[in-house]
Structure formats: structure tokens, C-alpha cells
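Please open the structure in your viewer and keep the selection tool at hand.

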Amino acid sequence: MRDWQELAAKYFMNTVERVPVTLVKGEGCYVWDDKGKKYLDFVAGWAVNSLGHSHPVLAKAIARQARTLIQVSNQFYSVPQIQLAELLVKNSCLQKVFLCNSGAEANEGAIKLARRYGARHLNSAYEVISVTGSFHGRTLAMVAASGQAKYQQPYLPLPTGFINMDFNDFNAIKSATGEKTCAVMLEPVQGEAGVKIPDKAYLKAVRDWCTEKGILMILDEVQTGIGRLGTLFGYEQFGIEPDVMTLAKGLGGGVPIGAIMAKEKAAVFVPGEHGSTFGGNPLTCAAAYATLKYILDNDVVGHVKTVGKHLLDGLGKLKRKYAFVTDVRGLGLLSAIEFKEEIGKAVLMACLENGLLVNRVRPNALRFMPSLIVTREEIDEALGILDRVLANFA
Ligand code: PLP
């Protein structure tokens with residue numbers, strides 16, 4: 001057998017600290033490596049595989065569409081993208097859709113939309129306020145929007161027009177708002193920062209502030225959208241409605257797709273102002289339609305709420321059992337466990353050894369984001385492995 005990891009070291013740019021596992025197959029919440037070892041997958045492609053791996057409904061939709069029509073340009077109409085847009089609109093508080101290929105691309109487009117909105121309605125205001133710890137993607141502008149020095153510092157100078165204020169601090173947003181402000185961009189829950197949940201009152205206050213000032217509230221729901229938090233969209237948890245929302249990750253169940261959604265009044269693009277070659281292609285749209293339709297028809301969101309609580313309760317028990325677990329937090333199936341020391345990598349490696357895939361979201365924290373159809377039994381299995389692993393660190 002070829003040594004894939006050696007070949008990867010030879011051919012790939014070194015951008016990610018990989019775990020030494022080469023995955024070759026997946027089914028439901030399990031994956032297998034090239035040596036035949038089976039793992040319970042609580043990473044799910046970084047919160048992507050909504051229906052687990054190789055779900056028959058998704059696989060069938062992709063195969064059928066691949067045999068029918070894979071790609072046409074947006075110069076023409078195509079049916080799957082219209083069906084997907086209709087499903088998204090009918091199940092959200094937003095009326096207009098733009099389809100693209102990733103989270104960063106959706107966020108870039110949302111910022112462009114906000115700038116066009118500023119140009120039309122806010123005396124050419126263009127500045128976007130975001131917050132510390134946020135993660136909006138890897139493009140240059142999204143690095144500027146993401147309030148984390150470690151992503152920004154290597155790429156200075158950054159595009160201008162972004163201000164990063166403190167997380168969960170309404171007064172900071174208020175004081176940063178000025179004549180040049182066209183939008184505030186926030187994640188309902190900060191996933192990449194280690195599952196940081198803001199106060200309910202905070203998001204509500206920002207919402208009201210944006211309305212008062214006539215600026216746009218953009219919610220980056222790339223990670224929190226499509227059921228992840230136990231509601232179809234994260235904004236439902238906080239009793240608010242954004243003017244603009246971005247989606248990606250779980251939307252396609254595994255295929256690369258992103259979306260910008262906007263209220264009618266905010267959807268100010270005119271032909272030629274934005275676009276994408278692959279965005280809205282029939283293949284990924286058919287996959288996303290099948291994924292979303294399955295989630296809606298089978299109350300997967302209700303399931304996420306129930307099993308998400310079970311996972312969080314289980315993590316809570318581990319916190320009570322092990323003094324070095326300093327915090328557990330989560331909403332739906334996005335949760336984290338935090339340790340006193342920076343043992344995240346060691347715990348991850350021990351979990352791996354024991355057949356559980358997890359994500360080390362911070363040096364001292366792990367993140368859990370299994371498929372939305374994970375069962376109670378699979379959660380118990382994961383918690384059992386974690387318990388056995390943590391016992392060795394006590
Ligand atoms: N926004 C949020 C909230 C994310 O969590 C991520 C990825 O982790 C992104 C944007 C970037 O998405 P992508 O990697 O698809 O560009």
C-alpha cells in the first residue's frame with residue numbers, strides 16, 4: 001500500500017496540522033481509515049456532514065443529478081437552484097438568495113451586499129463591525145473581518161473597512177457605530193472560537209440597534225445554520241431576525257455550497273454586481289435540496305435538540321467527575337469541553353487511539369459537532385470513550 005501521508009507531505013503546501021489518519025470510507029456516523037480501523041466521527045467534516053456519511057438519500061440525489069446535468073452557467077436558469085432557493089426562503093425569515101461555493105465566499109458576498117446597501121441608502125457607508133474571536137473565513141477580507149490576531153498578523157496589510165470590537169459587548173458595538181458603518185456581522189454562536197455563546201440580550205440589543213441606525217445585521221450562520229443548534233437557523237435561538245444571513249457547511253450535507261440570504265429590502269444587487277461560475281450549479285444544489293428536504297421532512301432539528309441536550313448532560317457529568325475539566329458548553333450539536341491545562345492535543349490523540357474523532361478547537365478545548373442524525377447510543381459511545389480517556393489524565 002502507498003504511504004499516503006508521506007506523499008501528502010511531499011506534494012501539499014503545509015497549511016494544516018493534520019491528525020495521522022487517512023480516511024477512506026464513511027457510513028452514518030462512522031468512518032474507516034486505510035488500515036481498516038473504524039472511528040466514531042464527532043468532527044463530521046467540521047460540522048458539514050449533516051446526514052452523516054454516504055446517506056442514501058444524498059448519494060441518490062447526487063448520482064441522479066450527475067447523470068442529468070452537472071454544471072451550467074448562471075447565464076441560464078436551472079431547476080435545482082430554484083427549488084433550493086424556494087425551500088430556503090419558505091423555511092426562513094429571508095426572501096432572497098444568492099448561491100456560491102463556501103462559507104468565506106458567502107461572507108465576502110454579504111459584505112459586498114452591505115457595501116452596495118450603504119452606497120444606496122447610507123450615504124456610501126462601507127464599514128463593517130465584527131467582534132473578537134469571530135471566524136468568517138480565510139479570504140483576505142474575511143481575515144480582516146475575523147477578530148483574531150493569529151489569522152490577521154501574517155497577512156498585513158489587510159483590506160480596510162472592518163472594525164473588530166469586543167465579543168458580547170453591546171456598548172462596544174454602539175460606540176464603534178458611526179457615519180461610515182453599513183453593517184454589523186456576527187456569528188450567533190462562535191464555533192471556531194471554542195463554542196462561545198453570547199447573551200440572548202446582547203444579540204437582541206444589537207438587532208434593535210441596527211434597526212435604529214438603519215444599518216444591516218448580518219448573521220454568519222455558516223456553522224450554526226441548518227439545524228446545528230437545534231433550530232433550523234441559529235437566529236431562532238435568540239428571538240431575532242437578521243437582515244442578511246450566510247450559510248455553507250451543513251447546507252450541502254458534504255458537497256461545497258454556500259448561500260447569502262437577505263431580506264427583500266437588503267437584496268440590492270443588480271446584474272453584474274456579483275456572481276460566481278460554480279455558484280448554484282445543479283449538482284450541489286440537488287445535493288443541498290435533498291439534504292434540507294430530508295432534515296425538514298424528518299424533524300431532524302427536533303432530534304438535534306434532544307440528542308444535543310443528552311450530549312451536553314453527558315459532558316456535564318464528566319465535568320463533575322474530573323476537576324481538570326473547567327467548562328462544558330453547547331447548543332444543539334455544537335458543544336465543547338475545556339480543560340485547565342493545554343491538553344487538547346493529547347486528549348484528541350488518546351480519543352483517536354480509542355476510535356473517536358474529535359476536534360481540538362483551542363489548545364485547551366475540544367469541540368464536538370457530529371452529524372445531525374447521530375443517535376443517543378452513538379453519543380453514549382463517544383462519552384464512554386471520552387470518560388475512559390480522561391481517566392488517564394486525572
Ligand atoms: N464562517 C464560520 C462561522 C465558519 O465556522 C467558517 C468555517 O469554519 C467559515 C465562515 C468559513 O467557511 P469556509 O471554510 O467554507 O470558507
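Select His55, which sits in the loop between helix H2 (44-47) and helix H3 (56-68); helices here are DSSP runs of H or I with at least four residues, numbered from the N terminus. The model is predicted: local features need pLDDT of at least 70, side-chain atom pairs count only at pLDDT 80 or more, and totals for chains, interfaces and linings use all residues. Residues are numbered from 1 along each chain as its sequence is written, and side-chain values use heavy atoms, with hydrogens and water left out.

His55 counts as buried because its relative accessibility is 11%, where buried means under 20% relative accessible area (1.4 Å probe, protein chains only). Display Tyr294 and Ile373 as well: His55 touches both, not counting residues up to four places away in sequence. Contact means heavy atoms within 4.5 Å.

Next, select the ligand. Residues around the ligand (a heavy atom within 4 Å) include Ser102, Gly103, Phe135, His136 and Glu187. Helix H5 (residues 103-121) supplies the largest share of this shell, three residues.

- Ala104: a polar backbone atom is 2.8 Å from an oxygen atom of the ligand.
- Asp220: a polar side-chain atom lies 2.7 Å from a nitrogen atom of the ligand.
- Lys249: an N or O atom in the side chain is 3.0 Å from an oxygen atom of the ligand.

The protein buries 80% of the 390 Å² that the ligand exposes when taken alone.

Finally, select Leu386. Not counting residues up to four places away in sequence, Leu386 touches Leu315, Leu318, Ile337, Val347, Cys351, Leu366 and Phe368.

Technical notes: A polar contact is a pair of N or O atoms within 3.5 Å; within protein, one must be able to donate a hydrogen and the other to accept it, and residues adjacent in sequence count only if both atoms are side-chain atoms. Accessible areas come from the Shrake-Rupley method with a 1.4 Å probe; for residues, only the protein chains shown count as cover. Helices (H or I, at least four residues) and strands (E, at least two) are DSSP runs, numbered from the N terminus. Buried means under 20% relative accessible area, exposed over 50%, partly exposed in between (1.4 Å probe, protein chains only).
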